[in-house]
Amino acid sequence: QVQLVESGGGLVQPGESLTLSCTASGFAFDDYPIGWFRQAPGKEREGVSYISAGGITYNSGSIQGRFTISRDNARNTAYLQMNSLKPEDTGVYYCATGRNPRREIFPWDQDSKYTYWGQGTQVTVSS
């Protein structure tokens, strides 16, 4: 069955970096786009970054220039490199994918467009 597992979260200080991983199984990973979302306490889940099957990326304006999404199809893993972290980046980070292979997800930051989700990994940015 389709499975997405996030890892790499933790507690860091403002200005530090983290790299999140999303490891996939149960489907042809290289045929599917991956989206990263986050949910802060008391807020709705928001789209952070997206990478298509072909490697085209989109980012939220709030993280532009600080976060980088990538994928390693040989490892069935997508990454979210997060630099210059701020307290407002705190939240649970999720990766997700859609139902159909070789089909982009638009709008990429609308969570209802995604079918499969990981369990999330907590990122806390605090001094």
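How many bridges join E4 to strand E9, and how do the two strands run? The exercises below treat this and related points for a predicted model.

**Exercise 1. Describe the pairing of strand E4 with its neighbours.**

Step 1. Five bridges join E4 to strand E9, which covers residues 91-97, and the two strands run antiparallel.

Step 2. On E4, consider Arg 38, a residue of this strand, which spans residues 34-39. The bridge partner of Arg 38 in E9 is Tyr 93.

Step 3. Strand E5 (residues 46-51) is also antiparallel to E4, and five bridges join them. Here Arg 38 stands opposite Glu 46.

Step 4. Six residues lie between the strands in the hairpin of E4 and E5, and Gly 42 takes a positive phi near 75° in this hairpin.

**Exercise 2. Determine whether Arg 38 is buried or exposed, and list the polar contacts of its side chain.**

Step 1. The relative accessibility of Arg 38 is 6%. The cut-off for a buried residue is under 20%, so Arg 38 counts as buried.

Step 2. The strand as a whole gives the setting: E4 is mostly covered, with five of its six residues buried.

Step 3. The side chain of Arg 38 makes a polar contact of 2.6 Å with the side chain of Glu 46. A polar contact at 3.5 Å links the side chain of Arg 38 to that of Ser 62.

Step 4. Leaving aside residues up to four places away in sequence, Arg 38 touches several others, including Phe 67, Glu 88, Asp 89 and Tyr 93.

**Exercise 3. Examine the charged residue Glu 6: which side chain of opposite charge is nearest, and which backbone nitrogens does the Glu 6 side chain approach?**

Step 1. Glu 6 is found in strand E1, residues 3-7.

Step 2. Glu 6 is buried yet has no salt bridge. The nearest side chain of opposite charge belongs to Arg 45, at 8.0 Å. A salt bridge requires a distance within 4 Å.

Step 3. The side chain of Glu 6 reaches the backbone nitrogen of Gln 119 at 3.0 Å. A polar atom of this side chain also lies 2.8 Å from the backbone nitrogen of Gly 120.

Step 4. Not counting residues up to four places away in sequence, the residues that Glu 6 touches include Cys 22, Trp 36, Tyr 93 and Cys 95. Two of these names, Cys 22 and Cys 95, return in the next exercise.

**Exercise 4. Locate the disulfide and state which parts of the chain it ties together.**

Step 1. A search of the whole structure finds one disulfide. A disulfide is a covalent bond between the sulfur atoms of two cysteines.

Step 2. The disulfide is formed by Cys 22 and Cys 95, whose sulfur atoms are 2.1 Å apart. With 75° about the S-S bond, this link is right-handed.

Step 3. Cys 22 lies in strand E3 (residues 18-25) and Cys 95 in strand E9, so the pair ties together parts that are 73 residues apart in sequence.

Step 4. Both Cys 22 and Cys 95 are buried.

Terms used:
Residues numbered from 1 in each chain as written. Predicted model: local features only at pLDDT ≥ 70, side-chain atom pairs only at ≥ 80, totals over all residues. Heavy atoms only, no water. Helix = DSSP H or I, 4+ residues; strand = E, 2+ residues; numbered from the N terminus. Buried < 20%, exposed > 50% of the residue type's maximum accessible area, 1.4 Å probe, protein only. Polar contact = N/O pair within 3.5 Å; in protein donor to acceptor, adjacent residues only side chain to side chain. Contact = heavy atoms within 4.5 Å. Pairing = 2+ DSSP bridges. Lys, Arg positive; Asp, Glu negative; His and termini not counted. Disulfide = S-S within 2.5 Å.
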